[in-house]
Amino acid sequence: MILDYIIMGGACSRKRDQQVEDILSRGVSGKYSKSSSSKWLATSLSRSGSDVKRKNGECPSLMELCILKIQEDVDRYTKFSDLPRDISQQIFDELVYSQRLTLKSLEAFRDCAIQDLCLGEYPGVNDDWMDVISSQSTSLLSVDFSGSDITDSGLVSLKGCTNLESLNFNFCDQISNRGLEHLSGLSNLTSLSFRRNAAITAQGMHALSNLVNMKKLDLEKCPGIHGGLVHLRDLTKLESLNIKWCNCITDADMEPLSELTNLRSLQICCSRITDIGISYLKGLNKLNLLNLEGCRHVTAACLDTLTALTGLMFLNLNRCNFSDSGCEKFSDLINLKILNLGMNSITNSCLVHLRGLTKLESLNLDSCRIGDEGLVHLSGMLELKSLELSDTEVGSNGLRHLSGLSNLESINLSFTVVTDSGLRKLSGLTSLRTLNLDARHVTDAGLSALTSLTGLTHLDLFGARITDSGTNHLRNLKKLQSLEICGGGLTDTGVKNIKDLSSLTLLNLSQNSNLTDKTLELISGLTGLVSLNVSNSRVSSSGLRHLKPLKNLRSLTLESCKLSANDIRKLQATDLPNLVNFRPE
Amino acid sequence: MRETVKLISMEGFEFVIDREAAMVSQTIRSMLTSPGGFSESKDGVVTFPDISTTILEKICQYFYWSLQYSRGKETEFHIEPELTLELMMAANYLHT
């Protein structure tokens, strides 16, 4: 599900609702905590092949065939402006998707009255493109320039595109205050994004004060905007403001937000604000999502303010400075669905005050000082889908309090002291999809409790002490899409129990130093694999041939094996065209 | 006997094709099936004053190609580059 969201986020559309905030993915799952490669895989998947070819099986429409035809030979077309706008829009989108659009082919789109130009992260976009882009004139509604080389002077030509509703300049490091000024007349803008821009300052933000229709403003990682939020005072329609990782933001910056009563989403991660700054937010009664992750000066005293925000459903307090004192106010936040308290110095006595939060669907207690006795307070949270207990003092005795949480889809018990006997308490949680048991006290015996969890799609046994006999218990987990067993105890014999898990797309068997080429032979039928890691094993260059059927493989890691980067490169050239990331390299 | 329909181009050229093939187009389908609405549904004749003979011929070819495709014969459909833009306009109108 999260993977889907990331893929969707790769494409862009003015119409598409992208309100799923990062807080969700962070709050819901720690799936990417270790394998950041999965995230990378998702984004790189978003631009492979063509829009049309993706729909395998279904007969392509004549329109799709024509668009493909144009895409194959785009340079012979000089003018699309006689076509209806929705057709030229489709051609444009396909060219972007297949990366066939160049400055030359762009020329054919002059005066096409196109509405949406999704050029985010598209290679080569610079000021030379602006002439054709601005020729769409008042038809133009949204442009995504993120990652481009557009400069301040390039923005001048957007002045005539007065109907623009959405502009994205994320990672455009050649845009500064001067460029912002050129946008000040675009009063139809409802969405504007300038992530990671070090040049924008309070002075430049003056240009935003006229954009009174603004609903969504994103200034993530803009370190120079301190003092600039005063210019947002009149943007009373603002619903979403992201100033994450602007580490210049202080309490004074919060004051201008106090009148923005339409705000539903506010993200202020890693700022310098204190509980006093939070107090300015107490009138924002539509606030639904508040992300304060990494605000080291925010303590439980801010709950005095937050309890006034009765609509609050998503609250991220990860890496704030909460301790037990003051936490009793949590009990008033009864509408919370997602709560992230990870990395705070809270103990079991704080959890008492959470017991009434029965609407919670996701609770993150990563690295908190909580243990078995605290979990009793979670036993009534019957809506809970995701529970993060990584790096806590939770052990086997606590898990019995979770056995009634029948909606749980994801539990992270990594780096806890959970043992085999405790895992039996999880065996009735048949809704579980994601289970992280990367814990040293988990062994083969514990896995016998998992055989009933046939819905599992992700199982992480990274540091668990699993040997061949333990893998017998995995044979029926046919829906597993990702599996990590890296405790060192696995041999080729155990891999026989894995070879028929045909849904697997990610398999990590690294650190099992006894695995040989036989392992590669055994898994050669897992043709869905996108990512494979068998590092630190006895796999050799002569075993690589077994990987030839794995046509979907995009990432292959075989560090510290008996082979060279060249061996993999050869395999890539002859048999694995989709392989884009491999080690050794 | 297989049911046929007649499609008439801008220049008056008539294409007699299987009704099943013509139904690949959502637009023609609704013309032929809407009860009491279009006269086309009675006569089985559809005139396209905006579609040239060359294009209409290509479209008929696509109809048959599409039927074959959906029966599992996945061949390539050839489109002459010089026809592409005009063909798109027609495909857009015909919801094909």
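Q: In which segment of chain A is A:Pro584 found?
A: This is a predicted model, in which local features need pLDDT of at least 70 and side-chain atom pairs count only at pLDDT 80 or more, while totals for chains, interfaces and linings use all residues. Residues are numbered from 1 along each chain as its sequence is written, and chains are lettered from A and ligands numbered from 1 in the order in which they are written. Helices (H or I, at least four residues) and strands (E, at least two) are DSSP runs, numbered from the N terminus. With elements named in this way, A:Pro584 is found in the segment after β20 (581-583) of chain A.

Q: What radius of gyration does chain A have, beside that of a compact globule with 585 residues?
A: The radius of gyration is taken over C-alpha atoms, and the globule rule is 2.2 Å times the number of residues to the power 0.38. Along its principal axes, the C-alpha trace of chain A spans about 70 × 65 × 40 Å. For 585 residues a compact globule would come near 25 Å, and this agrees with the value for chain A, which is 26 Å.

Q: Which residues have the most contacts inside the largest nonpolar core?
A: A residue is buried if 20 or more other C-beta atoms, placed from the backbone, lie within 10 Å of its own, exposed if 12 or fewer do, and partly exposed in between; buried residues make up 49% of the 585 residues in chain A. A nonpolar core is a set of buried Ala, Val, Leu, Ile, Met, Phe, Trp, Tyr and Cys residues joined through C-beta atoms within 7 Å. The largest such core has 195 residues, and those with the most contacts inside it are A:Cys66, A:Leu507 and A:Leu553.

Q: With which residues is A:Leu507 in contact, leaving aside its neighbours within four places in sequence?
A: Two residues are in contact if their C-beta atoms, placed from the backbone, lie within 7 Å. Once the neighbours within four places in sequence are left aside, the contacts of A:Leu507 are A:Leu483, A:Ile523, A:Leu526, A:Leu529 and A:Leu532.

Q: Does A:Glu121 count as buried, partly exposed or exposed?
A: A:Glu121 sits in the loop between β1 (116-118) and α8 (130-134) of chain A, and its phi is positive, about 60 degrees, although it is not a glycine. Because it has 18 C-beta neighbours inside 10 Å, A:Glu121 counts as partly exposed.

Q: Which helix of chain A gives the most residues to the side that touches chain B?
A: In all, 13 residues of chain A are in contact with 15 residues of chain B. On the side of chain A that touches chain B, 6 residues come from the helix that gives the most, which is α5 (residues 62-72).

Q: Which buried residues does α4(B) have?
A: Helix α4 (residues 53-70) of chain B has 18 residues and reaches 26 Å from its first C-alpha to its last, close to the 26 Å expected at 1.5 Å a residue, where the expected span is 1.5 Å times one less than the number of residues. What covers its buried residues includes α5 of chain A together with β1 (4-8), β2 (14-18), α1 (19-22) and α5 (84-94) of chain B. The buried residues themselves are B:Ile55, B:Leu56, B:Lys58, B:Ile59, B:Tyr62, B:Phe63, B:Trp65 and B:Ser66.

Q: Which residues form the covered face of β1(B)?
A: In a regular strand the side chains alternate between the two faces of the sheet. In β1(B), the uncovered face has B:Thr4, B:Lys6 and B:Ile8, whereas the covered face has B:Val5 and B:Leu7.

Q: Which residue of β3(B) stands opposite B:Leu7?
A: Two strands pair if DSSP finds at least two bridges between them. β1(B) is joined to β2(B) by 5 bridges in an antiparallel arrangement, with B:Val5 opposite B:Ile17. β1(B) is also joined by 3 bridges to strand β3 (residues 45-47) of chain B, and these two run parallel. In this second pairing, B:Leu7 stands opposite B:Val46.

Q: What pattern does chain B follow, read along the sequence?
A: The secondary structure of chain B comes to 5 helices and 3 strands. Read along the sequence, these elements follow the pattern β-β-α-α-α-β-α-α.
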